[in-house]
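Please look over the sequence and the structure shown here before reading on. The notes after them are arranged by topic.

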Amino acid sequence: MAAQLPDMTAATLTAGAQDPLPSLVSAGRLRWQRIARALRLWVPGGILILLLFVCFVWPHIYSIPPGDSGSILAAGEPPFSPGHWLGTDPNGVDIFSMLVYGGQVSFEICLAVTAIGMIVGGVLGMTAGYFGSWVDPVLSRVFDVLIAFPALVLVLAIAEVLGPSEMHLIWALSFLSVPGFARIFRASTLVARQQPYITAARLSGTSNWKIIFKHILPNVLPGVVTFGLLFMGIIVIIEGAVDFLGLGIQIPQPSWGAMIAKGQNVLTAQPEYVLIPSIVLLIFVMSLNLLGDALRERWGVR
Amino acid sequence: MSNALLEVEDLRVAFAAGGREIRAVDGVSYTVEPGRTLAIIGESGSGKTVGCRAIMGLLPVGTVISGSARLNGTELIGLSDSQLRKHRGSDMAMVFQDPARSLNPTMQVGKQITEAIRTHRKVGKSEARDQAIELLRLVRIPAPERRFSEYPHQLSGGMRQRVVIAMALACRPKLLIADEATTALDVTTQAQIMELLLELQRDLDMALIFISHDLGLAASYADEVVVMYAGKVVEQAPAKRLFGTGGTVKMRYTRALLDAIPHLERPAHAELPVVTGRPPDPSALPVGCSFAPRCPSAADDCTAKAPALAEHAPGHRWACWHPCENGATA
Amino acid sequence: MTPDNTAPADNTGDARSDKKPLLAARDLVQEFIAREAGGARGGVVQAVSSVSFDIMPGETLGVVGETGSGKSTLARAVLQAPRPKSGSVVFRDMELTKLRGSALLSARRDMQFVWQDPFGSLDPKWQVRSIVEEPLAAHSVGTRQSRRKRAEELLDLVGLDPARYGKRHSRELSGGQAQRVAIARAVALEPSLLICDEAVSSLDVLIQAQVLNLFERLRRELNLSYLFIAHDLALVKQVSDRVAVMYLGKFCEIGPGESVYKQPLHPYTKALLDSIPSTEPGAARATATLRGEPPSPINPPSGCRFRTRCPRAADRCASEVPQPRELAPGHLVACHFPLTEPAPAAAAAASVPTSAQAQAQG
């Protein structure tokens with residue numbers, strides 16, 4: 001760069017010079033954009049973390065009454081009673097404890113089902129999407145068959161046959177999650193496979209399986225994770241429905257669905273038995289959805 | 001310039017993205033006379049497209065626009081969308097880069113033209129159809145009656161662009177803005193479309209602004225050339241003055257552009273004069289001349305204060321503290 | 001049947017003792033099935049129809065053509081991705097069309113590709129240095145440390161400071177920088193041939209010049225040969241020793257760049273040259289001498305494919321496919337009435353000029 005200093009007087013230096021123009025967009029608007037973006041992620045994220053904390057950590061820090069039994073003396077206490085801040089049900093079981101222990105079960109089920117779906121469905125879906133030829137049509141028919149089963153009926157049938165319990169519920173729900181995730185993985189893999197960087201990897205000599213796990217997987221994961229969060233919400237609702245019908249988690253073990261079922265009878269008199277678990281369920285699923293949206297926005301998933 | 005068709009003065013466009021202010025257009029002024037052709041040349045990020053979209057009112061809600069753009073004396077900046085709609089199509093029209101995206105793939109092309117006609121004029125269906133066929137003939141589409149009922153996917157890229165031009169001309173606007181209208185076309189088709197645009201200009205007494213990154217297009221087809229960089233006009237002159245024999249390109253960026261274009265006359269394997277670096281971030285424009293960080297002739301005064309665009313020679317404006325000395329091009 | 005298109009050594013301007021071509025392609029044919037909207041089977045697109053050419057060591061062959069010319073398909077056919085329907089590609093004495101699996105893999109070490117979209121060809125989740133290392137790792141070249149070091153050398157070679165850029169991801173790079181990374185990866189295994197498919201077309205003019213200079217420097221330092229594909233004739237001429245002009249799946253003309261430019265023999269080449277708007281002082285304004293629309297590659301015209309748009313077309317052009325013949329040293333053209341001969345009388349009567357053409361000629 002030539003650093004020539006021309007022979008200019010101060011007058012000619014400043015004549016015809018232009019100062020940077022002032023900002024056009026208000027600083028307040030920019031600040032609000034940044035804040036809103038952060039809130040969209042941390043509000044639902046924070047709520048989920050709080051729920052997890054309350055369900056899994058809180059009982060170890062601070063002892064709470066058991067969720068499956070109670071003293072008939074404390075039956076039917078209203079909310080904000082001493083020792084039972086959300087009250088007790090007609091059998092004296094503490095409502096808050098039922099929420100906590102029921103929440104543990106719901107979290108465990110939805111996390112397990114989603115994890116099984118992502119791992120098994122992921123491998124199957126990526127294999128189908130990447131290799132094409134005969135592998136894809138065969139696997140796709142398998143997925144189609146599984147998905148074609150009416151979800152709730154399948155779950156109920158399995159619960160009937162195997163007997164209701166948390167583990168069996170997880171197996172039954174996995175029948176839904178594996179093909180569901182497999183389809184998502186397959187679709188994303190088909191898109192990713194068209195990209196020049198996959199051809200470039202093949203030209204570089206990278207083996208197929210390495211391409212799948214090192215190139216395809218990291219690129220389809222954001223889309224799958226956002227789908228996974230939405231899916232978790234659906235699993236929670238299905239699980240709640242199954243419990244509601246009495247075919248899932250058996251009483252006296254607590255679950256949100258069972259709480260809603262029991263509260264049906266006294267809906268007009270004491271609506272809180274239905275409202276409280278319903279609201280918690282609503283908050284949980286909504287937070288999953290909103291977190292999924294915020295992550296999609298951040299990761300640029302279309 | 002009281003008889004100017006379009007007068008743009010100190011146009012500024014900014015928007016907020018990711019919590020930062022993006023200055024797309026940072027103070028742009030130029031005029032277009034009736035019936036003349038202006039070329040706005042710049043690379044990506046120069047603000048050339050955003051500026052024209054601001055005039056047409058086609059920017060998304062939330063964009064902040066200031067400055068003035070007067071079409072036949074009427075101020076366009078600040079008008080509401082419904083007010084602008086009266087001008088769009090009838091006084092001024094715009095043609096974009098990708099004809100496939102400007103056309104509805106599920107609607108016959110003839111119907112899309114009649115739709116454009118009937119938006120602005122009260123004519124019956126059959127008269128609109130006749131006018132549409134006339135327009136297809138005007139843009140030199142062979143067998144216009146047959147083409148009327150065809151769908152966009154049945155036409156080639158060049159034909160689709162002609163249809164889009166026909167739609168734009170439906171109400172004989174006085175100003176046509178072509179935004180990279182030939183960039184997606186082959187060079188032979190580009191030549192056809194550019195010739196068509198110039199003929200239409202003459203026949204309809206229309207002013208034409210074409211936006212491009214191709215200086216060659218400006219040299220071949222424009223009367224007047226405006227070169228933009230980082231949201232500002234850095235040079236403006238009649239095309240003959242910039243590209244003619246003994247042409248005088250003054251601003252260093254224009255010079256760099258000219259040198260970097262592949263020229264048929266250059267021998268093979270010649271080393272191109274390069275300018276390092278890349279255009280500045282529109283959310284963090286440097287103090288001083290925006291091109292200074294890359295300019296091979298930059299000096300201290302260049303980074304200290306930005307030069308203003310001024311008419312240093314008759315009809316030729318540039319913004320540079322140390323303009324090119326000799327006038328030879330290439 | 002097809003005359004040997006090998007340019008004699010002295011035509012490239014360099015003295016070459018080795019006269020055997022690095023790459024010899026013969027009668028390449030590539031077709032694919034066009035799908036209608038909705039997935040129904042349309043016709044068969046004849047993308048590449050019997051194309052032959054040679055590339056000598058250290059030479060750059062430029063292929064220029066417009067949309068639908070088949071130039072990109074040709075590049076991929078040479079690469080065997082996907083394999084051409086028929087024809088032969090002999091690269092370093094190996095017949096690529098017959099190789100499979102690991103044999104093809106090791107042949108591919110020596111031939112690499114640079115795509116048009118710099119960001120599409122880089123995995124957005126990978127770091128730059130890993131991207132450049134990948135070919136070395138896949139072929140197990142050296143140890144982990146030596147590969148890492150070589151990746152840094154490669155980044156230096158393309159003008160990117162490994163300390164600053166090594167750990168970045170593609171989204172943090174500009175178009176020009178991303179393309180440099182793609183080039184660094186392409187030369188990692190020290191190939192002898194680099195196929196560039198519109199490698200600079202999506203870059204801004206100033207950045208394009210930087211990358212072109214890089215190509216030149218690598219050509220000198222690594223003695224690379226290039227197959228350079230683009231739609232910009234001036235660009236192709238500037239980087240190439242020889243230029244081939246392609247139309248609808250066939251080569252119209254092939255010869256030394258200067259010769260093709262100064263003395264175009266095929267009417268299509270001339271039309272291309274006329275359409276280019278030039279910034280040269282005193283240059284004639286670009287004119288459209290071609291009429292009509294490019295025909296569909298599913299149903300190409302009989303005989304010479306260019307005849308429907310050629311101002312010199314005559315009856316013979318419809319019935320007979322023109323064969324390439326050498327009309328100047330190393331300069332071949334496939335035309336019944338090349339520009340060195342006067343236009344056939346039948347053409348003058350048969351041609352119906354459009355008003356645009358009339359104005360161009362008037």
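The model is predicted: local features need pLDDT of at least 70 and side-chain atom pairs count only at pLDDT 80 or more, while totals for chains, interfaces and linings use all residues. Residues are numbered from 1 along each chain as its sequence is written, and chains are lettered from A and ligands numbered from 1 in the order in which they are written.

**Chain B as a whole**

- Chain B holds twelve helices and 13 strands; helices (H or I, at least four residues) and strands (E, at least two) are DSSP runs, numbered from the N terminus.
- Its radius of gyration is 21 Å, close to the 20 Å that the globule rule gives for 330 residues, so chain B is as compact as a globular protein of that length. The radius is taken over C-alpha atoms, and the rule is 2.2 Å times the number of residues to the power 0.38.
- The C-alpha trace of chain B spans about 65 × 50 × 40 Å along its principal axes.
- Of the 330 residues in chain B, 53% count as buried. A residue is buried if 20 or more other C-beta atoms lie within 10 Å of its own, exposed if 12 or fewer, and partly exposed in between, with C-beta atoms placed from the backbone.
- Among contacts in chain B with a separation of 6 or more, 66% join residues 24 or more positions apart. Two residues are in contact if their C-beta atoms, placed from the backbone, lie within 7 Å.

**The two domains of chain B**

- The domain assignment gives domain 1 (6-229) and domain 2 (247-330); such bounds come from an automatic or database domain assignment.
- The C-alpha centres of the two domains of chain B lie 29 Å apart.
- Twelve residues of domain 1 of chain B are in contact with twelve residues of domain 2 of chain B.
- On the domain 1 side, the elements that give two or more residues are β2 (20-32), α9 and β9 (224-229) of chain B. β2(B) gives the most, with six residues.
- That side has five nonpolar, two polar and five charged residues. Ala, Val, Leu, Ile, Met, Phe, Trp, Tyr, Cys and Pro count as nonpolar, Asp, Glu, Lys and Arg as charged, and the others, Gly among them, as polar.

**Chain B against chain C**

- The contact takes 46 residues from chain B and 45 residues from chain C.
- On the chain B side, two or more residues each come from α7 (157-168), α8 (187-204), α9 (215-221) and α11 (252-260) of chain B.
- The residues of this side divide into 21 nonpolar, 16 polar and nine charged.

**A sheet in chain C**

- Eight strands of chain C form an open sheet with mixed pairing, in the order β6-β7-β8-β3-β9-β10-β12-β11. Two strands pair if DSSP finds at least two bridges between them.
- The edge strands, each pairing on one side only, are β6 (111-114) and β11 (325-328) of chain C.
- Three bridges join β11(C) to the antiparallel strand β12 (residues 331-333) of chain C, and C:Arg325 stands opposite C:Val333 in β12(C).

**One residue in chain A**

- A:Gly180 lies in helix α6 (residues 166-193) of chain A.
- A:Gly180 is buried, with 26 other C-beta atoms within 10 Å.
- Not counting residues up to four places away in sequence, A:Gly180 touches A:Gly117, A:Gly121, A:Ile147 and A:Phe231.
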